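This report describes a protein chain in complex with a ligand. The sequence and coordinates are shown first, and the commentary follows.

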Amino acid sequence: MESLAIITSGGDAPGMNAAIRAIVLSCHAKGIKCIGFYHGYNGLIEDECLTLTPEMVRPILQYGGTILKSARCPQMHTDDGVKNVAKTLKRHKVDSLVVIGGDGSFRGMMALQSYWSGRLIGVPATIDNDLACTDSTIGFSTAVSTATHAIDKIRDTANAFERVFIVEVMGRHSGHIAFNVGLATAAESILSFENCPSSSLEQVKLSLIEQIQTQQKNNHTSFVIVLAENLWPGGAQGLKQTLNDTANIESAVCVLGYIQRGGSPCPEDRILATELGIEAVEAAYSESGVMIGKEQGKLIRRCIIAATEQKKPVDQAIHSVYQTLT
Ligand code: ADP
């Protein structure tokens, strides 16, 4: 292998820079030219790139975001867009492309397989942690930590005012962040896809109201609801309205939003990103269409189809802990 290219694609996640650093340093040690393309697949279509050197990546480990920038690229949903990506890779004589991103970015890799015969390696980076074949994705631990610290602060105000607080967390369509953050902050209620299927929202509403009223009658204290984004019609504001209209319960809303995507990666994400990055370069010598993951302490290589065809469910043990405590 003489030349390897990297993109960061889709939602940025803390630790993407750590993965870039590991890949670049690993390529340098092996005498492989490493090219970074900007703005995800867009940079491959527009041929926006630079050769990455160890000097460029040595100081980036501790920073969130990505020095290669990230973006969505609608053209990847067309044959012409994918063909243009392939053309750029051929022109630069790239042997292997490492895609650092989430399941959408890996679907882009699958599309590219039809037009490019080089080797394709995925490194899972998304705060949502929804990819199968890895216990954790790069960025997830940091996002949980960021949201936990934020809710600890909200709890102080909630306690002072004996208030109901609805805190909406990210996760797209999975509840890894909601459940982990809910447990870490001793939330009185966690509302997520796994325990609140859309058909049961009426029942969820009634039992939530009962829970809040019981708690408010018995103790003067706060009540924190951790709500997964995209779950409740109208989001956190919608739930606030529902509680008010149905039971005259007042609540305050905080949508944590993008603060969960940013910030310095925590040590777990820095280490995970470094391990996955180094393994990606190793895999790029002989494999294609694989994602590098880590399960039960071991680095693994799995077909990207297996990694993306099903969302990884929230750990059953985490569910059980929540049920035991509520
Ligand atoms: P993430 O990688 O974080 O899941 P997205 O779902 O937004 O983020 O996907 C990132 C990019 O990957 C998209 O903008 C698009 O360029 C590419 N992509 C996503 N799905 C597909 C698909 N089915 N076919 C081709 N490319 C895709």
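## Ala150 and its surroundings

Leaving aside residues up to four places away in sequence, Ala150 touches Leu256 and Ile259, a contact being a pair of C-beta atoms, placed from the backbone, that lie within 7 Å. Ala150 belongs to helix H6 (residues 140-161). Helices (H or I, at least four residues) and strands (E, at least two) are DSSP runs, numbered from the N terminus. The C-alpha atom of Ala150 is separated by 9.5 Å from that of Gln260, 110 residues apart along the chain.

Is Ala150 buried or partly exposed? Ala150 is partly exposed, because 18 other C-beta atoms lie within 10 Å. Burial is assigned from C-beta atoms placed from the backbone: a residue is buried if 20 or more others lie within 10 Å of its own, exposed if 12 or fewer, and partly exposed in between.

## Basis of the model

The model is predicted: local features need pLDDT of at least 70 and side-chain atom pairs count only at pLDDT 80 or more, while totals for chains, interfaces and linings use all residues. Residue numbers start from 1 along each chain as its sequence is written.

The average pLDDT of the protein chain is 96, and 100% of the residues score at least 70; pLDDT is the predictor's confidence in each residue, from 0 to 100. For the complex, the predictor gives an ipTM of 0.99 and a pTM of 0.97.

## Overall architecture

The protein chain contains 12 helices and 11 strands. Its radius of gyration is 22 Å, close to the 20 Å given by the globule rule for 326 residues, so the chain is as compact as a globular protein of that length. This radius is taken over C-alpha atoms, and the globule rule is 2.2 Å times the number of residues to the power 0.38. The C-alpha trace spans about 70 × 40 × 30 Å along its principal axes.

Of the 326 residues of the protein chain, 48% count as buried. Among contacts with a separation of 6 or more, 76% are between residues 24 or more positions apart.

## The ligand shell

Which residues come nearest to the ligand? Of the 17 residues around the ligand, these are Gly10, Arg72, Gly102, Gly104 and Ser105.

By residue class, the shell divides into 4 nonpolar, 10 polar and 3 charged residues. Here Ala, Val, Leu, Ile, Met, Phe, Trp, Tyr, Cys and Pro count as nonpolar, Asp, Glu, Lys and Arg as charged, and the others, Gly among them, as polar.

## Helix H10

Helix H10 (residues 267-283) has 17 residues and reaches 24 Å from its first C-alpha to its last. This is close to the expected 24 Å at 1.5 Å a residue, where the expected span is 1.5 Å times one less than the number of residues. The buried residues of H10 include Asp269, Arg270 and Glu279, along with Leu272, Leu276 and Val281.

## Positive phi angles

Asn129 has a phi near 55°, a positive value in a residue other than glycine. It is found in the loop between strand E5 (119-124) and H6. Asn129 is buried, because 27 other C-beta atoms lie within 10 Å.

Asn230 also has a positive phi, of about 70°, although it is not a glycine. Its place is in the loop between strand E8 (223-228) and helix H9 (235-247). With 14 other C-beta atoms within 10 Å, Asn230 is partly exposed.

## Further loop positions

Asp47 lies in the loop between helix H2 (41-46) and strand E3 (49-51). Asp47 counts as partly exposed because it has 13 C-beta neighbours inside 10 Å. From C-alpha to C-alpha, Asp47 and Arg301 are 29 Å apart in space and 254 residues apart in sequence.

His77 is in the loop between helix H3 (54-57) and helix H4 (79-91), and is exposed, with 11 other C-beta atoms within 10 Å. The C-alpha atoms of His77 and Arg107 are separated by 9.7 Å. Asn219, in the loop between helix H8 (201-218) and E8, is exposed, with 10 other C-beta atoms within 10 Å. A distance of 60 Å separates the C-alpha atoms of Asn219 and Thr53, 166 residues apart along the chain.

Note on methods
A residue is near a molecule or strand if its C-beta atom, placed from the backbone, lies within 6 Å of it. Two residues are in contact if their C-beta atoms, placed from the backbone, lie within 7 Å.
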